[in-house]
Amino acid sequence: MMTPSPRLRPKTILLSCLSIGTANISLFTTVQAATNTADAITVMEKQIHALQNQLNQLKTKQEAENKRVRAQLAQQRELIEANPYASRDALLHRSSESAFLSPVRNGPYQSNFALGGSFFLSPSQTAHTPNGIVTATPPAHPDLYGPLRRGQIQIGGVRVTLGGFLEAATIWRSRQTGADIASGFNAIPWKNQPAHHMSEFRQSERQSRLAVLVEGMITKKLEADAYVETDFQGAGSASNSRQSNSYVPRARVVYGELKDHDDGLYFLGGQNWSLITLFNKGMFARDEQMPLVIEAQYVPGFNWTRNPQLRVVKVFGQEERYALGLSIENPSAVPAGRAFGHVTDSVGGTNVNNPNTFYTTDPAPDLIAKLAADPGWGHYELTGIMRFFRSRSSKEGDGQNHTVIAGGGGGGMVLPLIDKRLYAQLSGLVGQGLGRYGTSNMPDYTYGPNGGPVALPEANILVGLYGTPYNDLTLYAYAGAEKILRRKAFDQNGQHFGYGNRGYDMSGCSTELSTACAGAANVQTVAQATTGFWYTAAKGDYGTLRVGAQYAHTYIQAFSGFGGRPHTDADMLFMSLRYMPFN
């Protein structure tokens with residue numbers, strides 16, 4: 001007997017139908033999704049293959065470009081090695097491509113081989129002074145992080161700058177002085193000397209100058225430099241102008257310097273121009289305002305020395321418009337006149353000092369202070385100086401030292417009358433015992449009745465005009481004088497002593513071979529007017545050639561004495577041909 005089937009309710013049947021339908025829909029959706037994913041994968045694979053093809057093409061192009069650039073780089077390096085001072089235009093003309101190398105920052109200096117601009121060495125720089133331009137003096141404001149310039153070498157983080165010039169000079173003087181390129185103004189012969197009646201002709205290479213500036217960063221804020229400048233105006237025991245012309249190099253300028261730019265502090269030690277020297281701007285080393293003359297002794301009235309010193313300079317403000325400096329400088333007084341009794345004021349040189357000259361017995365260094373201002377138009381200075389002189393008067397079994405303090409003050413200015421075309425300069429110094437700081441080397445002191453030093457009252461003044469009417473031509477004119485303002489003399493036991501004594505015999509100063517002439521030992525005034533020019537004859541990748549000429553008239557007058565007030569004079573002509581290989 002068969003069991004009957006259970007009876008299905010309508011609701012159950014409905015739910016069962018819905019379940020079957022849902023399952024069918026899910027199955028359809030799954031199948032459809034799988035189909036879409038496969039299509040998407042296919043599309044993406046096609047896109048990836050297309051991108052790979054594009055990437056391969058780009059790589060191929062990049063490899064070709066790299067190969068081209070490397071070839072061009074090699075070509076350009078060959079060009080610069082063949083001529084490292086070639087201009088950009090010259091290299092563009094010689095290169096088949098126009099892409100050039102450009103310096104990029106790399107530590108304390110810049111590489112000269114990187115893509116983007118020019119790779120050739122930049123033009124050289126000189127000190128920002130008129131004299132710096134005609135002497136190729138390295139700049140006072142170098143850029144350690146700039147591109148290498150002509151005449152520069154980079155050794156690790158140290159930058160070396162070369163400077164100087166080679167000179168062939170011709171000198172003519174109306175009086176025979178026995179001098180080379182540097183005149184002895186107070187050695188111009190008087191009329192009683194036969195040399196007064198003969199002219200002088202010389203040729204000289206001895207002012208040729210070599211200069212090396214070495215710079216680097218000691219710390220992130222402290223920069224150091226060392227500067228050496230030498231020429232050939234030294235004379236050894238075998239030096240002469242007859243055959244081998246064996247003149248020797250001399251230490252013209254040798255110093256080291258520490259620069260703290262952030263705090264505006266600068267420390268200098270070594271031999272340099274005295275702080276008393278007029279500056280062109282500020283108070284930085286190598287910014288001194290020397291006259292533009294060919295004459296190596298410059299112009300009477302120009303205040304200067306070059307001697308060992310310790311100097312500190314403080315600069316104020318972001319624009320460095322004001323500066324205050326103090327310098328402790330090696331002393332060397334110049335005594336003169338006739339002393340009463342036995343007086344010691346100097347000793348002869350020993351050991352490495354020159355045995356043929358004297359070294360004075362000064363007890364302390366010269367102290368020089370200066371304030372400089374550059375307010376926006378012109379440069380202005382105020383200067384003060386203090387000096388110390390000592391002598392010893394002796395008699396048998398006894399003696400006494402005598403020390404006096406001397407000094408004075410002055411100032412100067414440089415004025416741009418026509419910007420970059422015409423400038424004027426004026427400087428002066430007045431006080432007691434300042435003869436050493438004038439270019440004529442006038443005496444600093446004479447002697448009193450007790451044998452002690454008596455500082456001579458003196459004044460120096462220099463005025464000048466210089467300018468560049470054309471870019472290749474510089475003209476200049478200067479007039480200066482140095483004068484001892486008053487006599488310092490006395491009589492003892494019917495004899496005449498001191499400096500400028502009215503009893504000194506001047507009666508034979510106009511008579512040849514007469515010995516009755518004390519003029520040379522009692523000079524009161526040395527004055528000069530001079531003018532000249534510098535012309536840039538050629539300038540190119542391998543340096544600059546300058547031609548110069550100068551005329552000067554020098555007048556010297558002595559204090560009046562018995563028989564009159566003698567004077568002498570001289571006319572001088574200078575010619576110079578200077579080659580500056582690093583400028």
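This is a predicted model: local features need pLDDT of at least 70, side-chain atom pairs count only at pLDDT 80 or more; totals for chains, interfaces and linings use all residues.

Trainee: Okay, which residues are linked in a network of salt bridges?

Mentor: Arg209, Glu229, Asp231, Arg250 and Arg252 make up that network. One of the pairs is arginine 209 with glutamate 229, whose closest N and O atoms are 4.0 Å apart. Arginine 209 sits in strand β6 and glutamate 229 in strand β7 (residues 222-234), so this pair ties together parts 20 residues apart in sequence.

Trainee: Are arginine 209 and glutamate 229 buried or exposed?

Mentor: Both of them are buried.

Trainee: And how many salt bridges does the structure hold?

Mentor: The count is 19. Among them is arginine 173 with glutamate 200, at 2.8 Å from N to O. That pair connects distant parts of the chain, with arginine 173 in strand β4 (residues 158-173) and glutamate 200 in strand β5 (residues 200-204), 27 residues apart. Arginine 173 has 0% relative accessibility and counts as buried; glutamate 200, at 1%, counts as buried too.

Trainee: Which residue forms a salt bridge with arginine 436?

Mentor: Aspartate 366 does, with the closest N and O atoms 3.0 Å apart. Here the partners are 70 residues apart: arginine 436 is in the loop between β18 (422-432) and β19 (445-447), while aspartate 366 belongs to strand β15. Both arginine 436 and aspartate 366 are buried.

Trainee: Let's stay with β15, then. Which strands does β15 pair with?

Mentor: Strand β11 (residues 322-329) runs antiparallel to β15 (residues 366-373), and eight bridges join the two. Leucine 324, for example, has leucine 371 in β15 as its bridge partner. Strand β16 (residues 379-395) also pairs with β15 in the antiparallel sense, over seven bridges.

Trainee: What's in the turn between β15 and β16?

Mentor: The two strands form a hairpin with five residues between them. Glycine 376 is in that turn, and its phi is positive, at about 140 degrees.

Trainee: Changing topic: how many disulfides are there?

Mentor: A search of the whole structure turns up one. Cysteine 509 and cysteine 517 form it, with their sulfur atoms 2.0 Å apart.

Trainee: Is that disulfide right-handed or left-handed, and why?

Mentor: The torsion about the S-S bond is about 100 degrees, so the disulfide is right-handed. As for cover, cysteine 509 is buried at 3% relative accessible area. Cysteine 517 counts as buried as well, at 19%, because the cut-off is under 20%.

Trainee: What about the surface? Which residues make the nonpolar patch?

Mentor: Ile153, Ile155, Val158, Val212 and Val214 make a nonpolar surface patch of about 350 Å². The elements giving two or more residues to the patch are β3 (152-155) and β6 (209-217). Valine 214 lies in β6 and is partly exposed, with a relative accessible area of 32%.

Trainee: Last one: how many helices and strands are in the protein?

Mentor: Three helices and 27 strands. Of the 583 residues, 44% count as buried. The accessible surface comes to about 29,500 Å², and 59% of that belongs to carbon and sulfur atoms.

Notes
Residues are numbered from 1 along each chain as its sequence is written. Side-chain values use heavy atoms; hydrogens and water are left out. A disulfide is a pair of cysteine sulfur atoms within 2.5 Å. Buried means under 20% relative accessible area, exposed over 50%, partly exposed in between (1.4 Å probe, protein chains only). Two strands pair if DSSP finds at least two bridges between them. Helices (H or I, at least four residues) and strands (E, at least two) are DSSP runs, numbered from the N terminus. Patches are made of residues with over 30% relative accessible area and no salt bridge: like charges are joined within 9 Å, nonpolar side chains (Val, Leu, Ile, Met, Phe, Trp, Tyr) within 5 Å. Accessible areas come from the Shrake-Rupley method with a 1.4 Å probe; for residues, only the protein chains shown count as cover. A salt bridge is a side-chain nitrogen of Lys or Arg within 4 Å of a carboxyl oxygen of Asp or Glu.
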